[in-house]
Amino acid sequence: MKSIARQLVIGACAIAVCLLAAPVASATPTTGVEATTLAETTVAGTHYILRELTLQPGATTGWHYHDGPLYAVVRNGILSHYDSSCTVDGTHGPGHTIIEPSGPGYIHIGRNQGSQPVVLDVLYTLPVGAPPSRDVPNPGCSFQ
């Protein structure tokens, strides 16, 4: 009887180890992106953050969404913008404006697939206390 109990304990421990070692969906990292806050204020419950973002060649914002709408203008380079269906939903060059809706229903990623840095002026309009973006796992695309 002790042998069966011992085998059950060993089996349970083995299963627990496998479950703990199993890969867990995690957020995709931002790589090669520099952010400089230019201005920040709160008015009537909305937090406004104006930032300059620079994406070096090969850079990615990582998969994310925003708690409030985002407005951007491209100053330099070409930004490839993908939605959660893994398709390009916009290619934006100098002078282009970008408007991103808010919420987890609009998961997206920005990528610099060119040879020049992408420079964006970005206005975040967020609820007070919300971060500029919320990282999420890759929705199943073959790229990060």
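Visitor: Which residues are linked into a cluster by ring pairs?

Guide: This is a predicted model, in which local features need pLDDT of at least 70, side-chain atom pairs count only at pLDDT 80 or more, and totals for chains, interfaces and linings use all residues. Residues are numbered from 1 along each chain as its sequence is written, and side-chain values use heavy atoms, with hydrogens and water left out. Rings of Phe, Tyr and Trp (its six-membered ring) pair if their centres lie within 6.5 Å; planes under 30 degrees apart count as stacked, over 60 as edge-to-face and the rest as tilted. The cluster joined by such ring pairs consists of Trp-63, Tyr-82 and Phe-143.

Visitor: How many residues apart in sequence are the parts that the pair of Tyr-82 and Phe-143 ties together?

Guide: The ring rule gives a count of 2 aromatic pairs. Tyr-82 and Phe-143 form a tilted one, with 4.7 Å from centre to centre and 55° between the planes. Tyr-82 lies in strand 5 (residues 79-83) and Phe-143 in the segment after strand 10 (134-135), so the pair ties together parts whose separation in sequence is 61 residues.

Visitor: Are Tyr-82 and Phe-143 buried or exposed?

Guide: The assignment rests on relative accessible area: under 20% is buried, over 50% is exposed, and values in between are partly exposed (1.4 Å probe, protein chains only). Under that rule, Tyr-82 and Phe-143 are both buried.

Visitor: To which backbone nitrogen does the side chain of Thr-60 reach?

Guide: Thr-60 has its place in strand 2 (residues 46-60); strands (E, at least two residues), like helices (H or I, at least four), are DSSP runs numbered from the N terminus. Its relative accessible area is 7%, so Thr-60 is buried. At 3.1 Å, the side chain of Thr-60 reaches the backbone nitrogen of Gly-62.

Visitor: With which residues is Thr-60 in contact, leaving aside its neighbours within four places in sequence?

Guide: Contact means heavy atoms within 4.5 Å. With those sequence neighbours set aside, the contacts of Thr-60 are Pro-29, Thr-30, Thr-31, Val-33, Ile-109, Gly-110, Arg-111 and Gln-144.

Visitor: What is the bridge partner of Ala-72 in strand 9?

Guide: Strand 9 (residues 118-127) is mostly covered, with 7 of its 10 residues buried. Two strands pair if DSSP finds at least two bridges between them; strand 2 pairs with strand 9 in the antiparallel sense over 10 bridges, and Leu-55 has Val-118 as its partner in strand 9. Strand 4 (residues 70-76) also pairs with strand 9 in the antiparallel sense, over 6 bridges. In strand 9, Ala-72 is bridged to Val-122.

Visitor: Which residues are linked in a network of salt bridges?

Guide: A salt bridge is a side-chain nitrogen of Lys or Arg within 4 Å of a carboxyl oxygen of Asp or Glu. Arg-75 and Glu-52 meet in one at 2.9 Å, N to O, and this pair links distant parts of the chain, Arg-75 in strand 4 and Glu-52 in strand 2, 23 residues apart. Asp-121 forms another with Arg-75, its closest N and O atoms being 2.8 Å apart, and joins strand 9 to strand 4 across 46 residues. The network of salt bridges therefore links Glu-52, Arg-75 and Asp-121.

Visitor: What relative accessible area does Arg-75 have?

Guide: Glu-52 counts as partly exposed at 22% relative accessibility, and Asp-121 also counts as partly exposed at 22%. Arg-75 is partly exposed, with a relative accessible area of 43%.

Visitor: How many residues apart are Arg-134 and Asp-67?

Guide: The count of salt bridges comes to 3. In one of them the side chains of Arg-134 and Asp-67 meet at 2.6 Å, N to O. Arg-134 lies in strand 10 and Asp-67 in the loop between strand 3 (64-65) and strand 4, so that the separation of this pair is 67 residues.

Visitor: What value is the phi of Cys-86 near?

Guide: Most residues other than glycine have a negative phi. Ala-44, in the loop between strand 1 (31-43) and strand 2, has a positive phi of about 50° and is exposed at 80% relative accessible area. Cys-86 lies in the loop between strand 5 and strand 6 (88-92) and counts as partly exposed at 27%. The phi of Cys-86 is positive too, near 75°.

Notes: Polar contact = N/O pair within 3.5 Å; in protein donor to acceptor, adjacent residues only side chain to side chain.
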